[in-house]
Amino acid sequence: MKFNKDKKDELFIERLELMNSYITQKYQLETLIKSGCLHLAKTRYVDRRPNYISTLQLPTSDSDKETKALYNVKLVEDDTVKDSEKENVNNSNKKETKKSSENKHEGSHFELIKQEDVKENPLRWFGVLVSQSLRSAQTDFQRCISLSVQIANVQLKLKKLEDKLKEER
Amino acid sequence: MALHSAVKGKLLAVIGDEDTCVGFLLGGIGEINKHRQPNFLVVDKNTSVSDIEEAFRKFIKRDDVDIILINQNVAELIRHCIDDHTQPIPAVLEIPSKDHPYDASKDSILRRAKGMFNPEDIAA
């Protein structure tokens, strides 16, 4: 499929915008991670136990208890893109629109979902009465998870654009 | 914002230093599946590059993992593996850590995207 110059310009501008938002979100993530780590350090300091917040508290494959993730991601197909793809199929011949297996995720995005059936809060790994700073750390890292999913979506869009431009060559 | 659902989605895996792993697991992404495989790897000074590589390849092969979060300094150690992975899913995200700030010039996604801006693309 050949694009005209304007279409090509549009794609390049879109890609620059996506790259900009990708970098901005990565710096936001850095701020959040630093803030979360600071809260973890504060928790260790308040509790006066250096090993209180460490890998020792994390679940291991040896433990009998099953650990389920509180947050999952789901890949959702984009309806608007599906429609435009259908139009493409109608307008151009089949050879041009034949998609490789790599492109099957085009027009889809991740959605963060909270599992309702998982009742265990990871805070309980660190005790029953945990400090406020550990709760703040949890909030920061939950925001990090949410932001990571957004960044993954930008990454998917960038990949899709790259594939479009490669097709054009 | 997260949606509430009873439907099981895919996992986020994490490879990173102690604070990154503890933090993200505290956030609620940690899981040990029925085959007793964790979705995280804590990298410390005793962890070899081959261990990191192996864990990364395992996460890529697992069909219950959709996003892999990896510290950028750890990603530097297995750069060849990350550059080889060109599939969109699982998405590999290089994240900063408290000791290593984010460096956009090292990010494989951005380097790949920048590589597309060559004179041949702009001309014609």
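At what angle do the axes of helix 4 of chain A and helix 1 of chain B cross? View 1 takes that up.

This is a predicted model, where local features need pLDDT of at least 70, side-chain atom pairs count only at pLDDT 80 or more, and totals for chains, interfaces and linings use all residues. Residues are numbered from 1 along each chain as its sequence is written, chains are lettered from A and ligands numbered from 1 in the order written, and side-chain values use heavy atoms, leaving out hydrogens and water.

**View 1. Helix 4 of chain A crosses helix 1 of chain B.** Helices here are DSSP runs of H or I, at least four residues, and strands are runs of E, at least two, numbered from the N terminus. Among the residues that meet are Phe141(A) and Phe24(B) (contact means heavy atoms within 4.5 Å).

**View 2. Ile67(B) has contacts in both chains.** Leaving aside neighbours within four places in sequence, Ile67(B) touches residues including Val73(A), Phe110(A), Leu12(B) and Pro90(B).

**View 3. Four strands of chain B make an open sheet.** Their order is 3-2-4-5, with parallel pairing (strands pair if DSSP finds at least two bridges between them). Strand 3 (40-42) and strand 5 (91-95) sit at the edges with a single partner strand each, so one side of each has no neighbour in the sheet. Neighbouring strands are turned by 20 degrees on average, direction ignored. Strands 2 (residues 11-16) and 3 of chain B pair over three bridges, and Ile15(B) stands opposite Leu41(B).

Note on methods
Axes are lines fitted to C-alpha atoms, for helices over the stretch in contact, and angles run from 0 to 180 degrees between N-to-C directions.
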